[in-house]
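Welcome! Below is a friendly walk through one structure, told as questions and answers. Each answer sets a value beside the definition behind it.

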Amino acid sequence: MSKTQHSTRSIWRPGMVIGVVLMALLVLTAIIAPLFLTDAANELSENRALAPSSEHLLGTNDFGQDNLARVLVATRLTLVMTVLATLLSVAGGLVAGVAIWLAPAKVRQWCLRLLETAVAYPTLITALVIAAILLPGAGTAVIALGVAGMPGFARVTANLAQQVTNSEYFTTAKFLGVGPLRLATRHMIPGMAEPLLILSTTLFSSTLMEISALSFVGLGVQPPQYDLGSLLNDSLDALYTQPIEALGPAVMIILAAVGAMLIGDALAAHANPRTGRAWRRSRRGAKSAPANAQTDTALVRVEDLRVNYLSQGQPTELVHGIDLHIQPGEILGIVGESGSGKSLTAMSIAGLAADDLSVQARALTVAQLDMLGSPPAARLAQQIGIVYQDPGSTFTPSRTMGPQLTEVLRTHQGASRAQAREAIIQALGKVGITRPAARLRQYPHELSGGMRQRAMIASTLATGPALLIADEPTTALDVTVQIEVLRQFRRLREEYGTAILFISHDIGVVQELCDRVLVMRKGSIVEELSPQQISSRQVSHPYTRQLLDAVPVLRTGSGLVLNEEEGIRT
Amino acid sequence: MTTVGVTDPQLEPRRTRASLRQRTSHPWSAFLLRRLGGLVLSFVILVIVTFLIVPLLPGDPAVVAAGDGATVEQIESTRTALGLDQPFLAQFWQYVVGVFTLDMGDSFASGTTVTAAILARLPFTAEIALLAISCMLVIGVPLGMGTALLTRGGRRAWADHLFNGITSFIFAVPNYVLATLLIFVFAIRLGWFPASGAATLGSLVLPTAAVMIGPTCVIARIVRREAAGILEQDYVRTARGWRLSTWHVNSRYVLPNLLTTTLTLAGLLLAGMLGGTVVVETVFGWPGVGKGIVDAIISRDYPMIRATILLLGMLATVLVLVVDIILALIDPRNLKAGAE
């Protein structure tokens, strides 16, 4: 058996250690205490309701029994009942879950829906039904919570089984003709074991609490037997006169619950390492000189832009001192493969770098706004429009298009609701969206990707920005839709004189649209080109040639040739 | 052994039928029909289960129901009261009719009708549950969202650890231990609130706190995790790109997207609180439905047991349905959930 190592971190982190130590102590107590302390715990004596002393550390109760001894002895019954009930839930849940998974689709759907409802039921109420039938007692408590825990376990088992069946390795194994028994033992069970183990730990913890709850309200263990829950209940009557009596059972229940919880959390964190990701704090480092007194006409001026990712205290430089400028009305393209730093550059210029990045530059201005300082929001919103890559996620799913598209107009330009609506309807019409008024009442998911992207362009159109930053705006779209969207960009520049910073990995698209093209690689600009240079392939840097060669080329007579491998060798 | 392909032959026709159905019927009516169907099914199961509580009693149900040391007359009167002298199906029919006419017999313990006994207790439980759920949302949601904002992008690791440690510890403390502690500190030592009963408005404070504190930690943790995820979403970046104020971004773009999860969870936690009230009401001697069911089980008051469990079960089912409907109202995409 190969051991899969999906996490390099040890499972023995502090939480796990504490949890295991706590549980070990409890188990030891449960084994040892009844051997030595049963007499002190059960024998009636004349030492009634004594205060704590060296002889009776937690005092005695109204019957002269030692409180500490009773708590330690009671731990055994509580743990035994919890273990049995948990085993019952796990066994029943596994059988039911697998049976449901094996059942025909129709039956499975119904069963899953029933389980869904059953899981929503408070387990204690299910347990009460059973306690009502079987009459209160320790055995009843075990059966009650064992049964009450089954639906939850069954549901998870059925869902996991489904997941494993749908997984690629399972389908592959099935396809290769692996027999059903081997399929179950080698693929099914190992695939489900880890999550089910975690669930069992959680179940143990909650069963312990619920069983004690049942005893606490008087429906679990009956006198003369006692467990932690019933001890806590006994202490309630004495809370005015002998509050120390409650301390033992309360602390013991908390220790058990916390111990089981810590183990469960540690197991879950180990299985899913993403939860404990260690991020470091970061801050925008504005060590720049004040925006210099350059009198040239550039709309965007970037000098020595450096972007650092701060991780584990050691900054990693992702963008290495870039210089660029964009004239009013100019369309500047940046091309490069993913990870070349082109999006980071664009978002830094927009002043929207992620929280864990630090942005530094000698100068970073857009329309006379110093992007390293904190320019007024209203001017920023009006001057810089942004169109993002994935139109599927750029709009919040919980609001209709109208309020989102008119956000800048209403918030920053003081337009009334009606004015903003009028403006956006006009803009939507311009980018070729049919029935614009109706679209405003629709949710983002009711529109197609191309429509959402055009709507985004329309919203920037309505505010008339000086600069539009387009970060891979056509990547997620079909080719025909791409062409239409590109046409909108060109119109935007022609009609409003908007400058555009166009980011793409597709050098063909960039060549079509842009006045100048910067080629970026590994955080640096390697070459600046004109569209003519690209179309006539007059490029000097080998990386640019690779990018060009990666574009499908139509060669006369030979059809469509994808020649990416050849290009790398040149 | 036959090699099984990836495509399931049953899949094709089913998909076509589903799409046909969707084209011909309005999504809301299909959704409500489906959900109401589920509700009716749950009720049927509940009625059957609660009915079976008595026939399933070990041995002679009448003897068990009448309790230890009952005289022959007492046993026989119990038998008549529970209808155990009649044929099985007649008993069931009588029970079903009783459920629909809200006539579920007389409570053994109080002598009044079961309906009256429960109606007298219901307001007390409703008071605690509604107050607890409101406090839970009012405290838990801002707490979770605030932590997410404080620690976004990995800042302030100490706040993260503090929040995790405190919420998971408090959540691990069961409500009855919490209740005992609350009584000791606030009723006995400080004397601020009464330890039991429902005499004054102050009596509400401790039971509500005991019911609410655990679920508040749950909701705060979930809200925090969800909010952290939402803060990394593209649409939040879009909203920041529109240079909206932090308040505006959080209230219009982050919070609404949290509501789906929060409300789902709140509804389920409210259903879970029905169990919590059972324990807490018993500790505080609060005269609600939860204490009623415990007393009924101890005194073997079967008509009362049946009716109370039926009621609690129905409440839990209806809560789940209400959550689903709210979800569909907030985000119409949920209309299709569970359609296949």
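Predicted model: local features only at pLDDT ≥ 70, side-chain atom pairs only at ≥ 80, totals over all residues.

Q: How do you know what the secondary structure of chain B comes to?
A: Helices (H or I, at least four residues) and strands (E, at least two) are DSSP runs, numbered from the N terminus. Counted this way, chain B has 13 helices and zero strands. Chain A comes to 21 helices and 13 strands.

Q: What makes up the contact of chain A with chain B?
A: Two residues are in contact if their C-beta atoms, placed from the backbone, lie within 7 Å. The contact takes 67 residues from chain A and 65 residues from chain B. On the chain B side, helix 11 of chain B gives the largest share, 13 residues.

Q: How is the side of chain B that touches chain A divided by class?
A: Ala, Val, Leu, Ile, Met, Phe, Trp, Tyr, Cys and Pro count as nonpolar, Asp, Glu, Lys and Arg as charged, and the others, Gly among them, as polar. Sorted like this, that side of chain B has 38 nonpolar, 18 polar and nine charged residues.

Q: Which residues of helix 12 of chain B are buried?
A: They are B:Val289, B:Gly290, B:Lys291, B:Gly292, B:Ile293, B:Val294, B:Ala296 and B:Ile297. With eight of its 10 residues buried, helix 12 of chain B is mostly covered. Just after this helix, B:Arg300 takes a positive phi of about 55°.

Q: Why are helix 16 and helix 17 of chain A called roughly parallel?
A: Angles under 35 degrees count as roughly parallel, over 145 as roughly antiparallel, 65 to 115 as roughly perpendicular and the rest as oblique. Axes are lines fitted to C-alpha atoms, for helices over the stretch in contact, and angles run from 0 to 180 degrees between N-to-C directions. Helix 16 (residues 449–463) and helix 17 (residues 479–496) of chain A pack at an angle of about 5°, with their axes 10 Å apart. The two helices are therefore roughly parallel to each other. The residues of their contact divide into five nonpolar, three polar and two charged.

Q: What is the order of the open sheet of six strands in chain A?
A: Two strands pair if DSSP finds at least two bridges between them. The order is 7-8-9-3-10-11, with mixed pairing. Strand 7 (384–387) and strand 11 (524–529) of chain A each have a single partner strand, so one side of each is left without a neighbour in the sheet. From one strand to the next, the twist averages 20°.

Q: How do you know that strand 3 of chain A pairs with strand 9 and with strand 10 of chain A?
A: Strand 3 and strand 9 of chain A are joined in the parallel sense over five bridges, and A:Ile331 stands opposite A:Ile500 in strand 9. Strand 3 and strand 10 (residues 516–521) of chain A pair in the parallel sense over four bridges. There, the bridge partner of A:Ile334 is A:Leu518.

Q: What makes strand 3 of chain A mostly covered?
A: Five of the five residues of strand 3 (residues 331–335) of chain A are buried. A:Ile331, A:Gly333 and A:Val335 point one way, and A:Leu332 and A:Ile334 the other way.

Q: What makes up the largest nonpolar core?
A: A nonpolar core is a set of buried Ala, Val, Leu, Ile, Met, Phe, Trp, Tyr and Cys residues joined through C-beta atoms within 7 Å. The largest one has 237 residues, and A:Ala458 and A:Leu501 have the most contacts inside it. Helix 11 of chain B gives the most to this core, with 16 residues.

Conventions: Residues numbered from 1 in each chain as written. Chains lettered and ligands numbered in written order. Buried ≥ 20, exposed ≤ 12 C-beta atoms within 10 Å, placed from the backbone.
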